[in-house]
Amino acid sequence: MIELGDRAEEFRFLIRDRDTKFTTMFDEACTAAGFRHLRRLLATYEAHFNEHRPHRSLRQAAPLRALPDPVEGDSKVIRRDRLDGLIHEYVQVA
């Protein structure tokens, strides 16, 4: 990270393996620099996949959430960005 200089602040994600060169001190330096961890990304995607994402085999319901009742009349759709806009979730409100 020393070689990155001011550019280190531009990075938000770090993917690494379990090589011994990645010590605890390396993890602490990355955390202090504000890098996000893959585990947090995967947990967010897992929640999206199981609680929101429609599945054809479940008639467009999510595995852990049944389809809501249809909304009558005028309705509004709200978009929620997940993973800094990488995934979008849409919710219909009355």
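**Exercise 1. Work out how much surface the protein chain shows, and how much of the chain is buried.**

Step 1: The protein chain has an accessible surface of about 8200 Å², and carbon and sulfur atoms own 52% of that. Areas like this come from the Shrake-Rupley method with a 1.4 Å probe, and for residues only the protein chains shown count as cover.

Step 2: Before going on, note that this is a predicted model, where local features need pLDDT of at least 70, side-chain atom pairs count only at pLDDT 80 or more, and totals for chains, interfaces and linings use all residues. Residues are numbered from 1 along each chain as its sequence is written, and side-chain values use heavy atoms, leaving out hydrogens and water.

Step 3: Of the 94 residues in the protein chain, 13% are buried. Here buried means under 20% relative accessible area, exposed means over 50%, and partly exposed lies in between (1.4 Å probe, protein chains only).

**Exercise 2. Find the salt bridges and say how covered their partners are.**

Step 1: Start with the general idea: side chains of opposite charge can pair when their charged atoms come close. The rule used is a side-chain nitrogen of Lys or Arg within 4 Å of a carboxyl oxygen of Asp or Glu, and it gives a count of 2 salt bridges.

Step 2: One of them joins Asp81 and Arg79, at 3.0 Å from N to O. Asp81 is partly exposed at 40% relative accessible area, and Arg79 is partly exposed too, at 46%.

Step 3: Arg82 and Glu89 also meet in a salt bridge, at 3.3 Å from N to O. Arg82 is partly exposed at 29%, whereas Glu89 is buried, with a relative accessible area of 6%.

**Exercise 3. Which residues does His48 contact beyond its neighbours within four places in sequence?**

Step 1: His48 sits in helix α2 (residues 38-51).

Step 2: Check the cover: His48 counts as buried because its relative accessibility is 8%.

Step 3: Contact means heavy atoms within 4.5 Å. Setting aside those sequence neighbours, His48 is in contact with Arg53, Ile87, His88 and Glu89.

**Exercise 4. Describe the aromatic pairs.**

Step 1: There are 2 aromatic pairs in the structure. The rings of Phe22 and Phe26 have centres 4.9 Å apart and planes at 55°, so this pair is tilted. The cut-offs: rings of Phe, Tyr and Trp (its six-membered ring) pair if their centres lie within 6.5 Å, with planes under 30 degrees apart counted as stacked, over 60 as edge-to-face and the rest as tilted.

Step 2: Phe22 is partly exposed at 23% relative accessibility, and Phe26 is partly exposed at 25%.

Step 3: For Tyr45 and Phe49, the ring centres are 6.1 Å apart and the planes are at 40°, so that pair is tilted. Both residues lie in helix α2, 4 residues apart, which is about one turn of the helix.

Step 4: Tyr45 is partly exposed at 38% relative accessibility, and Phe49 is partly exposed at 29%.

**Exercise 5. Where is Pro54 found, and which residues does Pro54 touch?**

Step 1: Look in the loop between α2 and β1 for Pro54. At 42% relative accessibility, Pro54 is partly exposed.

Step 2: Not counting residues up to four places away in sequence, Pro54 touches Gln60 and Ala61.

Step 3: Pro54 and Leu67 are 13 residues apart along the chain, and their C-alpha atoms are separated by 9.0 Å.

Key:
Helices (H or I, at least four residues) and strands (E, at least two) are DSSP runs, numbered from the N terminus.
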